[in-house]
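Here is a report on one protein model.

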Amino acid sequence: MTLVTDVRLRRVLDSRGNATVEADVLTEEGGFGRAAAPSGASTGEYEAIELPAAEAIAKAREDAIPRLVGEVHAGNQREVDAALAAADGTDDFSGIGANSAVAISMAAAKAGASVTGAPLYQHLGGTFRGNTFPIPLGNIVGGGEHAADATDIQEFLAAPVGAPSVSEAIFANAAVHAKVHDILIERDEPCGKGDEGAWAPSIDDAEAFEIVDEATKAVADEVGFEIRFGLDVAAAEMYDEDEGGYVYSDQVRSTEEQVEYIADLVREYDLKYVEDPLDEDDYEGFADLTEQVGDRTLVCGDDLFVTNTDRLGEGIQQGAANSILIKPNQIGTLSDAFDAIELAVENAYGHVVSHRSGETTDATIAHLAVATDAPFIKTGAVAGERTAKLNELIRIEDNAV
Ligand code: PGA
Ligand code: ZN
């Protein structure tokens, strides 16, 4: 019923103005799905390989499409993703490009869903899904690799943990974003934005903590529910062995100092979430921090785990982190992302479904989060390519997809 009849690939723009891969998958019975690959800037060393869009498209046309058209069913995600892996022939999708792979994988899922008429989250997660919603982590202030001359810490994220609905949570994050703008104006700070729509002022991290703390508290008072905040430190980007540790604008912190610094921040600001507080090779440092503050905050591995079951397995063994970021393009297919989620859930690790800094209006991750009962989703607070996912969550909650 969902036999693939055609796969079309093209270069489209992403939110940074770079070319990315968009895929259309067509099936018997008139099935159709379209999806586009996102792209990271602070990418992990162990991620699946993204090829230049034109090259990824050429390779996929040559090697993958012949294994899909007339051969696999879009409704059978494992079959589609196994064909992609076989066509690629490497263990990191460097053959056809993880960008071609993930675009085709997600487009196939949408095509499969379109034939049955089920919403994508239900196609992916089953009929009992769609009742629990992730808490959106909204990027409010940031720097790192996402903006020049801004904070060292890559992202300060609002976490509206007390919101009674996903839509109220989403609007609370937008209100925190607006409140930070007011505070920056009051302080006479310029208000440029980074790649994900977060404010990117030339302030130091200490001032950013002060501002985001004030803004989340003010909005929490207005909306009447708890809003905490969290961080993506993206520490792998700061770590420099030759410099002796984590290079901040004003100092270098050794691994021990970094663990202590982050643990102190968690306690001082009652942080709900800390992503990549240590380097992507430092399972031990992650375990150390998790031991200290893992009972009161989510310690999340992004560049550490790269949505990879082998790396997550190692982390579970060592007690490194207590949650995992899930980015389908880090691993190449939806099936691989599901495997990572399953392993996480079996081991009581939370999973946080995430966008990339380079995005399109593709909203697949909103469905993936609902389909897998993700406790959190990280997909920005404002900007069109971010609101595409947030508004899709609102529609899912409203039973309107
Ligand atoms: P990236 O950043 O998409 O540039 O990798 C997002 C993140 O680090 O979580
Ligand atoms: Zn990250």
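The C-alpha centres of domain 1 and domain 2 lie 27 Å apart. Domain 1 covers 4–117 and domain 2 covers 135–400; the bounds come from an automatic or database domain assignment. Their contact takes 32 residues from domain 1 and 29 residues from domain 2. Contact means heavy atoms within 4.5 Å.

This is a predicted model: local features need pLDDT of at least 70, side-chain atom pairs count only at pLDDT 80 or more, and totals for chains, interfaces and linings use all residues. Residues are numbered from 1 along each chain as its sequence is written, chains are lettered from A and ligands numbered from 1 in the order in which they are written, and side-chain values use heavy atoms, with hydrogens and water left out.

**Empty space**

Rolling a probe the size of a water molecule over the atoms shows where empty space is left. The search runs on a 1 Å grid over the protein atoms alone: a cavity is a set of points where a 1.4 Å probe fits but cannot get out, a pocket is an open set with protein on both sides within 12 Å along at least five of seven lines, and lining residues have an atom within 4 Å of a point. Grid points are joined across faces, edges and corners, and a volume is the space filled by probe spheres set on the points. Three cavities of 30 Å³ or more turn up in the whole structure.

| Space | Volume | Lining residues by class |
|---|---|---|
| Largest pocket | about 340 Å³ | six nonpolar, seven polar, eight charged |
| Largest cavity | about 110 Å³ | seven nonpolar, five polar, five charged |
| Second largest cavity | about 60 Å³ | one nonpolar, six polar, seven charged |

In these classes, Ala, Val, Leu, Ile, Met, Phe, Trp, Tyr, Cys and Pro count as nonpolar, Asp, Glu, Lys and Arg as charged, and the others, Gly among them, as polar.

The largest pocket has 21 lining residues, with Asp91, Phe93, Asn308, Ile331 and Asp336 nearest its centre. Helices H2 (77–88), H9 (309–318), H10 (328–331) and H11 (334–346) each give two or more residues to this lining. H2 gives the most, with four residues. Helices (H or I, at least four residues) and strands (E, at least two) are DSSP runs, numbered from the N terminus. Each domain supplies at least three residues to the pocket lining.

The largest cavity lies between the two domains, because both give residues to its lining. The second largest cavity also lies between them, because both domains line it.

Glu275 is buried at 0% relative accessible area, and Asp302 is buried at 2%. Buried means under 20%, exposed over 50%, partly exposed in between (1.4 Å probe, protein chains only).

**Backbone exceptions**

Most residues other than glycine have a negative phi. Asp270 has a positive phi of about 50°. Asp270 is partly exposed, at 31%. Ala383 has a positive phi of about 90°. Ala383 is partly exposed too, at 27%.
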